[in-house]
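Below are my notes on the two-chain model you sent. They cover the interface, the spaces in the structure and the salt bridges, in that order.

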Amino acid sequence: MTVHNLYIFDRNGNCLYYNEWNRKKQAGISKEEEYKLMYGMLFSIRSFVSKMSPLDMKDGFLSFQTSKYRLHYYETPTGLKFVMNTDLSVSNARETLQHIYSNLYVEYIVKNPVCVLGNTLDSELFSSRLDAFIRALPYYSPRAA
Amino acid sequence: MVIFSVYVVNKAGGLIYQYDNYVPRAEAEKTFSYPLDLVLKHHDEKVVVSFGQRDGIRVGHAVLSINGVDVMGKNTAEGKDILEYLKDATNYPVSIRFGRARLSSNEKLMLASMFHSLFAIGSQLSPEVGSSGIEMLETDVFKLHCFQTLTGIKFIVLADPRQSGIDALLRKIYEIYSDFALKNPFYSLEMPIRCELFDQNLKSSLEVAEKAGNFGAGS
């Protein structure tokens, strides 16, 4: 039961924030390329889903799973994208991501007059609160190294 | 509790089989008077609603027919450009039917190849060692299940999110593929599947899965 990593992208595809807690395998490419690949994959999945969908969708793409991990996705109406990779036991992290947006991002970044929206999030307070929040999640448990 | 469609993709990412089991078509037909209060635009050889959602007509819906006559892409059945036709006040009142655009075969081919690539990227970006590609993709309206065989063939099923037993269905479709496509001496590997027995058996196994799915969810 664990959270592997978290990405936050803005509406233009820039990665604003990334942190990992339990990542076993790196992607084999540089971090910049990984962010671009992740954003590109999500953009393509969203377009794929909107074309494939047999009915009109309200929330759109929610998550996908492979044999080893599950990727949860939450997009705000302003185009901010929250992406969290967890293990397979977490079925629905949408509320977690909504909480991260409304109680952490809005409180510590949007309401912070020093933080310019659109830049990478370098607020120490945001990082530490987010880290504490993730570690406090019921489904988070630090793996033995 | 429904299975929407089945796609089979070969090793190279090309679509070799596609079957639509259930295609819900939510359409809205309304009569309009000049001027039209919806904003329409050209998109992908179709005319779609870009602004002005109301009464069952959503953004993204395409113009399906005008005055009861089906349209041909961007033009009416007579060959006139739809946007020009609707700008002319003498053509009103006009009855237009809107709905989700049906996917053409080309679009299905492109989407299957797109999924083939996304499947691989899902495996590459994995934070865990030894991950497969995307096996299940969930949205609020449908769930897409994918089973990749050892030979690289992908069986993709789009179903209702509450439908159960899709894993067994995917294995069953693989069995039907090996029985009626692979064992068919006239079938070439990686080519589009045109075997009647494959179609028939696939349809009956989908019916069985839909009925069984109801029992599974009810208990």
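**Notes on the predicted model**

1. Chain A and chain B bury about 3700 Å² between them, and 64% of that area is on carbon and sulfur atoms. Buried area here is the accessible area (1.4 Å probe) that two parts lose on being put together, summed over both. The size of an interface is often given in this way, as the accessible area lost when the parts come together. In terms of contact (heavy atoms within 4.5 Å), 39 residues of chain A touch 37 residues of chain B.

2. On conventions: this is a predicted model, in which local features need pLDDT of at least 70 and side-chain atom pairs count only at pLDDT 80 or more, while totals for chains, interfaces and linings use all residues. Residues are numbered from 1 along each chain as its sequence is written, chains are lettered from A and ligands numbered from 1 in the order in which they are written, and side-chain values use heavy atoms, with hydrogens and water left out.

3. The interface of chain A and chain B holds 4 salt bridges. A salt bridge is a side-chain nitrogen of Lys or Arg within 4 Å of a carboxyl oxygen of Asp or Glu. A:Asp56 and B:Arg100 form a salt bridge through their side chains, at 3.2 Å from N to O. Over all chains the count is 23.

4. Both residues of that pair, A:Asp56 and B:Arg100, also line the largest cavity, together with A:Pro54, A:Leu55, B:Pro24, B:Arg25 and B:Ala26. On a 1 Å grid over the protein atoms alone, a cavity is a set of points where a 1.4 Å probe fits but cannot get out; a pocket is an open set with protein on both sides within 12 Å along at least five of seven lines; lining residues have an atom within 4 Å of a point. Grid points are joined across faces, edges and corners, and a volume is the space filled by probe spheres set on the points. The search of the whole structure finds 1 cavity of 30 Å³ or more, and the volume of the largest cavity is about 30 Å³. Its lining has 4 nonpolar, no polar and 3 charged residues. For these classes, Ala, Val, Leu, Ile, Met, Phe, Trp, Tyr, Cys and Pro count as nonpolar, Asp, Glu, Lys and Arg as charged, and the others, Gly among them, as polar.

5. At least two lining residues come from each of α1 (31–52) and β4 (70–75) of chain A and β4 (39–43) and β5 (46–51) of chain B. Helices (H or I, at least four residues) and strands (E, at least two) are DSSP runs, numbered from the N terminus. α1(A) has the largest share of this lining, with 6 residues. The lining comprises 10 nonpolar, 8 polar and 14 charged residues.

6. The second largest pocket has about 250 Å³ of space. Among its 13 lining residues, B:Lys46, B:Val63, B:Leu64, B:Ala101 and B:Arg102 are the closest to its centre. β5 and β6 (62–66) of chain B are the elements that supply two or more residues, and β6(B) gives the most, with 3.

7. Which residues does the salt-bridge network that includes A:Glu20 link? The network joins A:Glu20, A:Arg23, A:Lys31 and A:Glu34. Elsewhere in chain A, A:Asp131 and A:Arg135 form a salt bridge at 3.0 Å, N to O. These two residues are separated by about one helical turn because they are 4 residues apart in helix α3 (residues 124–135) of chain A.

8. In chain B, the side chains of B:Lys74 and B:Glu45 form a salt bridge at 3.7 Å, N to O. The pair links distant parts of the chain, 29 residues apart: B:Lys74 is in the loop between β7 (69–70) and α1 (82–87), and B:Glu45 is in the loop between β4 and β5. B:Lys74 is partly exposed at 27% relative accessibility, while B:Glu45 is exposed at 53%. Buried means under 20% relative accessible area, exposed over 50%, and partly exposed in between (1.4 Å probe, protein chains only).
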